[in-house]
Amino acid sequence: MRVDVDEEGRWAEAVAERFCARLRQRPRLRVCLPTGSTPRGLYAAIAERVAGGQASLAEAEVLLLDEFGGLAPGDPARCATMLARDLLDRLDTPPAAVHRLDPDADDLDAECARYHRVVADGGLDLCLLGIGANGHVGLNEPGSPANAPTRQVALAAATIGAASRYGDGHAAPTWGLTLGMAEILEAREVWLLVSGAHKAAVLAEALEGPVTAALPASLLRSHGRLRVLADEPAAEGLSASLRSRAGDDETVDGGPRHGG
Ligand code: PGA
């Protein structure tokens with residue numbers, strides 16, 4: 001695990017630069033992207049750099065991390081709507097492919113099995129994740145073990161509250177579809193994006209508390225290529241020894257997927 005703390009107040013820009021460097025290394029990046037509040041500034045910064053010619057997503061494949069159920073297509077709280085608004089609609093050239101979980105499919109188990117195959121066919125080079133205040137990643141809520149597959153989930157109360165902020169307040173989702181912990185942990189590289197003082201306590205618990213399904217983000221510590229990208233307020237609760245575990249940049253190729 002590497003922990004990078006931005007101390008210069010330019011967290012979104014710094015992560016965007018790192019992301020664009022990955023894209024230049026591997027233009028055909030297969031990347032899983034989250035939505036929500038955390039990545040909004042990051043996506044704006046990426047779009048700006050893409051418009052400036054510093055990188056391109058034209059050959060990349062984007063896979064959406066999760067999706068809420070029970071909302072109309074186009075609802076502002078839908079993850080697909082947020083990703084379009086925050087990133088995709090700002091690109092002159094769209095990615096080579098954008099894959100999504102469809103919560104309106106007739107057979108949700110079949111839809112999750114289909115998405116598992118899409119992910120497995122080529123794997124994920126990089127998986128970006130946010131962290132919920134309750135320690136969820138994607139919609140892998142507390143109680144999700146490391147082998148949890150892509151599946152339909154009931155949302156925790158904290159997640160329903162958070163999701164109601166995304167929409168226009170008329171309805172909050174109570175369930176969703178999510179990439180599983182299993183598929184997340186199979187990604188060749190994982191970046192955990194954490195921004196804001198309101199995430200400091202859960203980040204410290206995830207990185208320095210017990211590794212437990214009760215806090216799914218803690219399970220990411222078993223991944224050999226986990227990079228935590230935090231801003232200063234979010235890193236407030238981390239011990240000095242952990243904060244010093246920032247390392248030199250790596251390439252996406254080679255190296256074990258797992259191993260601490
Ligand atoms: P947020 O959500 O970025 O809106 O805080 C993060 C998450 O729930 O994963």
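**View 1. The residues around the ligand.** In this predicted model, the ligand is surrounded by Gly36, Ser37, Thr38, Gly130, Ile131, Gly132, His136, Arg165, Tyr166 and Lys199. Sorted by class, this shell is made up of two nonpolar, six polar and two charged residues. The pocket in which the ligand sits is the largest pocket.

View 2. For Ser37, a polar backbone atom is 2.9 Å from an oxygen atom of the ligand. For Thr38, by contrast, the atom concerned belongs to the side chain, where an N or O atom is 2.4 Å from an oxygen atom of the ligand. Tyr166 likewise takes part through its side chain, a polar atom of which lies 2.4 Å from an oxygen atom of the ligand. On its own the ligand has 280 Å² of accessible area, and the protein covers 88% of this area.

View 3. Arg227 has its place in strand E10, which comprises residues 226-231. Is Arg227 buried or exposed? Because its relative accessible area is 2%, and residues under 20% are counted as buried, Arg227 is classed as buried. The side chain of Arg227 is joined to the side chain of Asp4 by a polar contact of 2.7 Å.

Definitions and conventions:
Residues numbered from 1 in each chain as written. Predicted model: local features only at pLDDT ≥ 70, side-chain atom pairs only at ≥ 80, totals over all residues. Heavy atoms only, no water. Near = heavy atom within 4 Å. Polar contact = N/O pair within 3.5 Å; in protein donor to acceptor, adjacent residues only side chain to side chain. Areas by Shrake-Rupley, 256 points an atom, 1.4 Å probe, with all protein chains shown as cover. 1 Å grid on protein atoms, 1.4 Å probe; cavity = no way out; pocket = protein on both sides within 12 Å on 5 of 7 lines; lining within 4 Å. Sits in = over half its atoms within 2 Å of the grid points. Nonpolar A, V, L, I, M, F, W, Y, C, P; charged D, E, K, R; others polar. Helix = DSSP H or I, 4+ residues; strand = E, 2+ residues; numbered from the N terminus. Buried < 20%, exposed > 50% of the residue type's maximum accessible area, 1.4 Å probe, protein only.
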